[in-house]
Amino acid sequence: MQQHRELTERQINTQLLNGALATPAWWKWAVIGLGLIVLAGFSTFGYMVNRGLGVTGLGRPVFWGVFITTFVFWVGISHAGIMISAILRLTQAEWRRPVTRAAELLTVFSLITALTFPVIHAGRPWRIIYWILPYDFSRGVWPNVRSPLIWDPAAIGTYLTGSTLFLYVALLPDLGNLRDRTTGFKHGLYTLLALGWRGNSRQWRLQTTAGILLSALMLPIFVSVHSIVSWDFAVTPAVEGWHSTIFAPYFVIGAVHSGVSAVVTMMALMRWLWKWDNFIRPEHFDALARLLIVVGTAWFAFTLVEILYSLYSLEGQELAFRDMQIFQWPWALLFVIFLITAFFIPVPAWLFKRVRNSIPLMFWTSISVNIGMWLERFLIIVPALSRKQPFVYVWGSYHPSLVELTLILWSLAFVGMNMLLFARFFPLIPLFEQKESQAFSSRVQIGRASVPAVLREREQE
Amino acid sequence: MARKSILGLYETPDAGANALDGLHAAGVEAHETEVMTGTPYPEGAFGEHVPQHRLFRFPAFGALFGFTLALLYTAGTQLAWPLVTGGKPILAVPAMLIILYEFTMLNAVIFTVVGIIFESRLPNLFTKAPYDRRISEGMVGVVVSCEENRAAEVEAVLRRAGALEIKSA
């Protein structure tokens with residue numbers, strides 16, 4: 001960590017609140033651009049509700065298409081937050097400090113977006129309420145708790161609520177700071193949100209303990225969420241390629257791979273857009289890339305094991321499915337693109353320090369991972385359904401319609417717009433974390449080298 | 001006797017710690033003082049009283065509450081519409097475990113957050129205690145809550161320690 005820069009608390013305030021207290025010129029145009037795409041998405045959804053699911057490419061036997069693919073994709077991205085924030089907090093990794101809030105925020109907005117896709121996919125979204133809430137007292141029909149369609153909202157709802165509260169608790173000191181830097185209506189708003197934060201010893205002690213306690217509570221939720229999403233598929237014995245015992249860890253590690261990559265993308269954008277060179281430094285990208293090498297390689301091992309298990313079973317249907325998924329047009333092309341973009345380009349590239357320390361290269365390799373990871377989910381869901389199996393009587397094919405493609409684009413714009421709106425009112429990098437880092441760091445002279453050192457905690461007397 | 005809150009504002013943590021030492025030497029009790037900073041300094045950095053809390057009880061209560069709620073939801077809904085499937089028991093325990101787990105964790109988190117806010121003595125929107133916005137810019141605030149007849153003595157101690165400004169309420 002040789003790139004640490006000494007800054008005063010006032011400098012940290014000025015630099016990190018440049019998004020919340022002064023609107024950058026590009027911000028308005030970016031929000032308008034993304035807002036138009038979001039509007040187009042809502043209009044498309046309205047059109048779909050009015051005309052029915054016939055306007056999508058879904059049809060017998062492929063009833064799960066890009067909506068469910070995109071749902072799984074965004075749940076995967078959401079794993080960035082807790083992976084980065086909780087694990088790095090618990091292990092007291094110093095380089096977590098500029099990353100945590102962006103990661104937590106990405107979790108919240110990804111989950112909100114993910115949750116909309118089953119609603120969109122339902123075609124008649126208002127009926128989805130029957131699945132989840134035990135409210136239909138008049139008819140006595142209750143949600144079926146044996147169904148993964150109930151497990152999903154339970155897990156994602158828990159993760160979303162927990163992540164939002166986690167984000168809010170860690171935001172309290174910065175809300176107090178914003179309250180102190182604003183006047184008028186904004187001052188009133190921040191005063192209310194900060195709940196009267198004063199920064200006394202009790203509050204800081206609780207804040208530190210809360211970070212660790214909530215991290216410890218959120219980690220088991222984080223693992224359960226994508227496991228449960230994987231069981232949407234894995235508990236279905238009738239579809240080859242879905243009924244797999246390793247799906248839970250395979251999905252979790254895949255989610256971490258795509259989620260941490262999304263954090264890299266976001267950090268590069270934050271550094272470029274808000275000019276936070278003093279806070280988001282090449283050393284942070286280097287650390288994230290090292291983490292991604294491990295995660296990406298573990299995920300690739302699971303991908304191989306998943307294929308190996310299906311070959312080892314020597315079941316005709318399973319082998320025929322794998323043959324189709326890997327060697328037959330058009331799935332073969334998608335399969336090759338998936339492997340190249342999710343693993344063979346980024347992971348070997350990250351082995352080189354020059355790539356890890358280059359922010360443009362890290363940006364593009366992280367985008368590459370997420371193109372590949374979206375394709376991975378598509379290749380799990382769609383080819384498996386398009387084969388004729390013992391329980392269906394037709395072969396089928398699937399081509400996403402313009403309506404579906406518009407809604408995928410909507411999801412990207414929706415997350416982006418929400419992030420920008422958040423950044424307009426709240427700091428994307430925790431100020432108090434940066435100040436703590438400054439207060440706890442020092443330089444140690446070893447021979448002729450001056451080495452940055454970090455104080456961890458007070459020695460017990 | 002009415003009580004008064006006095007704030008001394010210091011430029012450095014060392015000066016803040018000195019002020020607190022001076023106050024203790026002058027007979028001000030630890031629980032009557034409060035140190036405010038914009039940075040989470042290590043516990044005891046100012047020689048201040050380290051507050052105790054009961055935060056760890058909250059997630060335990062929350063987990064218990066969530067588990068009970070989930071049990072009512074999962075068992076209640078299945079028993080309310082007793083659909084026998086393949087001769088299996090009405091209550092599908094493995095499936096219930098998933099919901100039980102999620103509800104337990106959800107409520108543990110919610111109760112923890114409630115606990116954090118409660119134990120931090122928040123919300124505290126209408127306090128009359130003095131505060132200065134420069135605290136979130138790096139200054140250290142030492143607040144003393146004392147009886148009015150001791151206010152002059154406390155202010156003198158705070159000034160001697162190098163307070164840039166004294167405020168009272």
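The model is predicted.

**Chain A as a whole**

Chain A holds 17 helices and two strands. Its C-alpha atoms occupy a box of roughly 70 × 60 × 45 Å along the principal axes. For 461 residues, a compact globule would have a radius of gyration near 23 Å; chain A has 24 Å, so the two agree. Of the 461 residues in chain A, 45% are buried. Among contacts in chain A with a separation of 6 or more, 78% join residues 24 or more positions apart.

**Helix H6**

Helix H6 of chain A runs over residues 148-181.

| Feature of H6(A) | Value |
|---|---|
| Number of residues | 34 residues |
| Reach, first C-alpha to last | 48 Å |
| Kink at A:Leu172 | about 45° |

Even so, H6(A) is kinked at A:Leu172.

Is H6(A) largely enclosed or open? Of its 34 residues, 26 are buried, so H6(A) is largely enclosed by the rest of the structure. The cut-off behind this is 20 or more other C-beta atoms within 10 Å of a residue's own.

**Domains of chain B**

Chain B is assigned two domains: domain 1 and domain 2. Domain 1 of chain B is made of residues 3-53 and 129-168. Domain 2 of chain B covers 57-119. The centres of domain 1 and domain 2 of chain B, taken over C-alpha atoms, are 47 Å apart.

Definitions and conventions: Residues are numbered from 1 along each chain as its sequence is written. Chains are lettered from A and ligands numbered from 1 in the order in which they are written. This is a predicted model: local features need pLDDT of at least 70, side-chain atom pairs count only at pLDDT 80 or more; totals for chains, interfaces and linings use all residues. Helices (H or I, at least four residues) and strands (E, at least two) are DSSP runs, numbered from the N terminus. The expected span of a helix is 1.5 Å times one less than its number of residues. The bend at a residue is the angle between axes fitted to the seven residues ending there and the seven starting there. A residue is buried if 20 or more other C-beta atoms lie within 10 Å of its own, exposed if 12 or fewer, and partly exposed in between; C-beta atoms are placed from the backbone. The radius of gyration is taken over C-alpha atoms; the globule rule is 2.2 Å times the number of residues to the power 0.38. Two residues are in contact if their C-beta atoms, placed from the backbone, lie within 7 Å. Domain bounds come from an automatic or database domain assignment.
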